[in-house]
Amino acid sequence: MTNDTGLLLIISGPSGVGKSTVIKEMMKQDVGCHCYFSVSMTTRVPRGSEVEGVHYHFVSEQYFLETMQAGLFLEHAKYNQNYYGTPMPPIQDCINEGGCAILDIDVQGMLQVREKVQRCATVFMTPPDFTSLENRLRERKTETEEHIQCRLAIAKSEFEQANLYDYMIVNDDIQTAAKDLAAIIRAEKLRILR
Ligand code: ADP
Ligand code: 5GP
């Protein structure tokens, strides 16, 4: 992938930590370049107010596997019994135009992308404490208790891999976390332009 001035930014962190919320808030700020949020493809069912094409492309397992076999994903992974993948073409366009492509993907995906993309910055988002994470997942009211427990179990192993990332953001206050994320993008873009 060519990316002379483009940047690819990966954000990972346990489900419910607030990645989508903080990314949405950050997108309102001026970071000095066009930011594109990568809409992943997934076989999981939509939850709550999720909209097709905005939050995810919701597809069947057969469609996902065909897309995978056609080599159209930058990366893909299985998380909690469902497939997730990052469609390559829009990322390539954004990077070629000097923008910042933002990927909300898990640790498995981050490791794959880092192997393929040179200009890649990685951010791990944590909650202030584990109880806050549990509360956020419950208060979102989008998961059954069984799924909440699965996501919390996965979160424990994700925390152990936080040291693989370039940056860490603690999402205590949404506005502060969004400003931290914007500052990381500005700093990474400056580094590229230098
Ligand atoms: P993720 O994308 O990481 O799965 P979400 O962005 O869906 O997480 O956030 C999970 C829930 O936590 C949402 O209901 C959101 O409104 C809430 N939330 C996000 N950030 C904070 C925060 N700093 N303080 C309190 N609640 C938050
Ligand atoms: P959720 O089901 O809560 O939206 O996402 C579950 C997990 O999958 C989160 O950790 C999220 O970052 C990750 N995820 C979302 N899209 C992708 C993707 O395209 N690839 C990978 N590897 N992980 C993804």
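This tour goes through a helix pair and several salt bridges in a predicted model. Local features need pLDDT of at least 70 and side-chain atom pairs pLDDT 80 or more, while totals for chains, interfaces and linings use all residues. Residues are numbered from 1 along each chain as its sequence is written, and side-chain values use heavy atoms, without hydrogens and water.

Select helix 5 (residues 130-140) and helix 6 (residues 145-159); helices are DSSP runs of H or I, at least four residues, numbered from the N terminus. The two pack at about 145 degrees with axes 11 Å apart (lines fitted to C-alpha atoms over the stretch in contact, angles from 0 to 180 degrees between N-to-C directions). Show side chains next: residues in contact (heavy atoms within 4.5 Å) include Phe130, Leu133 and Leu137 in helix 5, and Ile148, Leu152 and Phe159 in helix 6.

Stay on helix 6 and pick Arg151, one of its contact residues. Arg151 forms a salt bridge with Glu143 at 3.4 Å, N to O; the term requires a side-chain nitrogen of Lys or Arg within 4 Å of a carboxyl oxygen of Asp or Glu. Arg151 is buried at 6% relative accessibility, and Glu143 is buried at 17% (buried is under 20% relative accessible area, exposed over 50%, partly exposed in between; 1.4 Å probe, protein chains only).

Move to helix 7 (residues 174-193), where Arg191 and Glu188 lie three residues apart, about one turn. Their closest N and O atoms are 3.1 Å apart in a salt bridge. Arg191 is exposed at 54%, whereas Glu188 is buried at 6%.

Finish at Glu25 and Lys28, a salt bridge at 3.0 Å.

How values were computed:
Chains are lettered from A and ligands numbered from 1 in the order in which they are written.
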